[in-house]
Amino acid sequence: MLELTAVTRTVQLIDAPPLTILSGVNLRVAIGDRVSIVGRSGSGKTTLLNLLGLLDNPTTGELLFDGRPVRSFSGAERDRVRGRDVGFIFQQFNLLQGRTALENVMTPLLYAEGRQFWQRSRIASEMLDRVGLGHRLQALPDRLSGGEQQRVAIARSLVRGPRLILADEPTGALDLETGEAVMDLIDDVARASGAALVTITHDPAIAARATRHLRLDHGALQADHFSADPARTALALTPGRTP
């Protein structure tokens with residue numbers, strides 16, 4: 001589904017040499033994959049997330065989505081593919097204040113077509129029920145706990161049935177017990193829908209839940225030492241090879 005080959009990302013600075021954020025990144029993500037990427041602050045995790053989520057283009061190298069170079073997508077097509085196939089889960093919930101839980105989850109469906117658009121209220125209600133908030137449909141964000149807000153954010157990101165879920169420090173704002181429950185939920189929903197799940201985190205415990213473990217260090221992506229399947233991880237990092 002998603003393939004990065006020798007990808008770099010460089011930012012031009014004013015009155016300074018260009019800053020290389022990512023260097024020679026190779027990665028393949030297939031449907032159903034569970035990938036964790038760990039790294040320190042400033043290692044390039046957010047930049048990599050923006051590439052994986054089709055929010056940015058590499059400076060050099062190739063980024064393919066379903067076998068097509070992302071550079072060839074028009075702006076409208078990129079937005080359409082991202083809205084349909086990619087679900088983002090962030091550390092910050094980014095809920096719309098003054099909107100109910102149901103209205104927040106319905107928001108992505110306003111850009112859907114056919115059944116998803118016309119039945120958006122029912123689909124959003126079912127997703128909230130799936131994350132255990134079927135009784136909180138009309139609650140406003142300031143009336144929800146941190147864990148409940150994160151569940152609303154998860155429901156919103158998954159309501160269109162994305163094929164790729166990108167979780168960026170999804171438990172960073174939660175206590176340990178709530179964080180574990182949230183990760184269980186994300187894993188369950190991803191598994192049930194057959195979606196690929198890429199979790200970007202600095203927490204080894206969260207990273208260990210994946211089946212492939214990678215580390216981003218100074219812009220370079222490599223296998224992490226605790227990988228449960230080193231051979232598969234090494235293969236995933238090799239350009240032109242399919243895990």
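How many aromatic pairs does the structure hold? I looked this up before anything else, keeping in mind that the model is predicted. The structure holds two aromatic pairs.

**Aromatic pairs.** I took F88 and F90 to begin with: they are stacked, with 5.7 Å centre to centre and 5° between the planes. F88 counts as buried because its relative accessibility is 18%, under the 20% limit. F90, at 33%, counts as partly exposed. Next I turned to F117 and W118, which form an edge-to-face pair, 4.9 Å centre to centre and 85° between the planes. F117 is partly exposed at 22% relative accessible area, while W118 is exposed at 68%.

**Nonpolar cores.** I looked up the largest nonpolar core and found 36 residues in it. Those with the most contacts inside this core are V105, L128, V152, I154, I165 and I186. I listed the elements that give two or more residues to this core: helix 3 (101-106), helix 5 (120-130), helix 6 (146-158), strand 7 (164-168) and helix 7 (176-193). Helix 7 gives the most, six residues. Another core, of 30 residues, lies apart from the largest one, and L22, L52, V70 and A196 are among its members.

**Surface patch.** I noted a nonpolar surface patch of about 210 Å², made by V11, L13 and L19. V11 sits in strand 1 (residues 2-11).

Conventions
Residues are numbered from 1 along each chain as its sequence is written. This is a predicted model: local features need pLDDT of at least 70, side-chain atom pairs count only at pLDDT 80 or more; totals for chains, interfaces and linings use all residues. Side-chain values use heavy atoms; hydrogens and water are left out. A nonpolar core is a set of buried Ala, Val, Leu, Ile, Met, Phe, Trp, Tyr and Cys residues joined through side-chain atoms within 4.5 Å. Buried means under 20% relative accessible area, exposed over 50%, partly exposed in between (1.4 Å probe, protein chains only). Helices (H or I, at least four residues) and strands (E, at least two) are DSSP runs, numbered from the N terminus. Patches are made of residues with over 30% relative accessible area and no salt bridge: like charges are joined within 9 Å, nonpolar side chains (Val, Leu, Ile, Met, Phe, Trp, Tyr) within 5 Å. Accessible areas come from the Shrake-Rupley method with a 1.4 Å probe; for residues, only the protein chains shown count as cover. A salt bridge is a side-chain nitrogen of Lys or Arg within 4 Å of a carboxyl oxygen of Asp or Glu. Rings of Phe, Tyr and Trp (its six-membered ring) pair if their centres lie within 6.5 Å; planes under 30 degrees apart count as stacked, over 60 as edge-to-face and the rest as tilted.
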